[in-house]
Amino acid sequence: MSRESDPELPEDASLPGTLPEPLRAELIAFRRDLHMHPELGNQEFRTTAAIKARLEKAGLEPRVLSTGTGLICDVGTSGGARSSDEGGDRRAGDTRPMLALRADIDALPIPDTKTGVPYRSTVPDRAHACGHDIHTTTVLGAGLVLAELDRQGLLPHPVRLIFQPAEEVLPGGAADAIEAGVLEGVGRIIGVHCDPRVDVGRIGLRAGPITSACDRLEVTLDGPGGHTARPHLTTDLVTAAAKVATEVPALLARRVDARWGLAVTWGRLVAGHACNVIPQHAELSGTVRCLDLAAWREAPDLVHAAIDEVAGMYRAKSVINYVRGVPPVVNDLGTTELLAAAMAGRRGSYAIEDTEQSLGGEDFSWYLEHVPGAMARLGVRTPGDTRRLDLHRGDFDADEEAITVGVELFTAAALLDGNRS
């Protein structure tokens, strides 16, 4: 590793930008407010307004995205804590692109089933069950700390905050945010994702692919229908649907390199209304996940061919709606090293652990199609907690100490990145 690619700590191994206690308490309250008022993708008006108001209170000038929800804000532009629609004026003589800190702000359409906490969702069938309220609060807190450092003359280079809507809506709100110009003037982007398998105070890092590609698959099968006493005179559509459900994943497993991790998993199968009637119509829907970026680009043709082949064996007419979702998040090595150096500077190298590639999808990947970047897994499990909590469950919750960890990770990364020559 070259010296230029290794983000180093200052000689005294000390970084400014830790989280003061009054702001820590405020951020916890802010997170709880978001948690109580979750909003679905592209409907995050209250959330956007709350973020905007707090940034403006700090003297910053956030700009709401043209989509109506989500916003960006530059910290450290010339003249102190100011930003502009064009990305802000740069410091004299410094034309380097900015580091961006990204948060997603939307919630999920599931009920909050937690008990014993005062900040349960107040909105029926809506919950921050993926930790986006933690992500949002972390980036907000980092922006407020960086703005104070800027006022003190301690922020070496401008930083952009990106609060992105609709991460949970395929193909992801990141694509709309990019089209709205959030990456203009940005040269590198970082983010975190809550991980209930990692203790709070630690992060998980991995260079290269850290998530999977995820697409949506919808299949309809049609035939003439008929009497269950005479299936030989018609298309036995229920059997055809069952064979598509079971044989297509098995067929693909023998037609692609196993290292691609290409997996079709069904979540819905509907056919028929009566026990003695062969139906005319059946529907299947599910997801296609893939670990490899190049393989993801080939996946639609492979899946189409497998479905048509199996359906044709049973004389069923197939119509396939293959909805592109997101490619894998592929962490850039240099940015992963930046996050490692930032965490080591705050909490020591013991607070960093290796993490595996997940089969979950994340639209952070769209940013990495344009600029290098990396995502860290942010530990949110209270040490000693033996429950097997997972994301996208109504009982998901996070240890709020993760907010402090995330803020200090982001601020350290901004300082280290800004001090690079």
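How many positive and how many negative side chains does the protein have, and how far apart do the centres of the two sets lie? The protein carries 43 positive and 60 negative side chains, and the centres of these two sets are 3 Å apart. These values, like those that follow, are computed from a predicted model.

The overall form of the chain comes next. The protein contains nine helices and 16 strands. Its radius of gyration is 24 Å, which is close to the 22 Å given by the globule rule for 421 residues, so the protein is as compact as a globular protein of that length. Along the principal axes, the C-alpha trace spans about 85 × 50 × 45 Å. Of the 421 residues, 52% count as buried. The protein exposes about 17,700 Å², and carbon and sulfur atoms supply 51% of that area.

The strands may now be considered. Strands of a sheet pair through backbone hydrogen bonds, either parallel or antiparallel. In this protein, eight strands form an open sheet with mixed pairing, in the order E1-E2-E4-E3-E5-E16-E6-E15. The edge strands are E1 (63-64) and E15 (352-354), each of which pairs on one side only.

Strand E1 pairs with strand E2 (residues 71-75) in the antiparallel sense, over two bridges. In these bridges, Arg63 has Ile72 of E2 as its partner, while Val64 stands opposite Leu71 of E2. The two strands form a hairpin with six residues between them, and Gly68 in the turn has a positive phi of about 100 degrees.

One of the pairs is Asp74 with its bridge partner Arg160 in E4.

Further along the order lies strand E16 (residues 373-381), which is mostly covered, with eight of its nine residues buried. Strand E5 (residues 186-199) pairs with E16 in the parallel sense over eight bridges. Strand E6 (residues 203-205), by contrast, runs antiparallel to E16 and is joined to it by two bridges. Leu378 of E16 takes part in both pairings: Leu378 is the bridge partner of Cys194, and Ile203 stands opposite Leu378.

Leaving aside neighbours within four places in sequence, Gly143 is in contact with Leu60, Val75 and Leu161. Gly143 and Arg160 are 17 residues apart in sequence, and their C-alpha atoms are 8.4 Å apart in space.

Asn42 lies in the loop between helix H1 (21-36) and helix H2 (45-57). With a relative accessibility of 36%, Asn42 counts as partly exposed. Beyond its neighbours within four places in sequence, Asn42 is in contact with Thr69, Pro165 and Ala166. Asn42 and Asp104 are 62 residues apart along the chain, and 11 Å separates their C-alpha atoms.

Pro16 is found in the segment before H1. Its relative accessibility is 34%, so Pro16 counts as partly exposed. Apart from neighbours within four places in sequence, Pro16 is in contact with Leu149, Arg346 and Leu415. Pro16 and Leu251 are 235 residues apart in sequence, and the distance between their C-alpha atoms is 56 Å.

Technical notes. Residues numbered from 1 in each chain as written. Predicted model: local features only at pLDDT ≥ 70, side-chain atom pairs only at ≥ 80, totals over all residues. Heavy atoms only, no water. Helix = DSSP H or I, 4+ residues; strand = E, 2+ residues; numbered from the N terminus. Rg over C-alpha atoms; globule rule 2.2 N^0.38 Å. Buried < 20%, exposed > 50% of the residue type's maximum accessible area, 1.4 Å probe, protein only. Areas by Shrake-Rupley, 256 points an atom, 1.4 Å probe, with all protein chains shown as cover. Lys, Arg positive; Asp, Glu negative; His and termini not counted. Charge placed at Lys NZ, Arg CZ, Asp CG, Glu CD. Pairing = 2+ DSSP bridges. Contact = heavy atoms within 4.5 Å.
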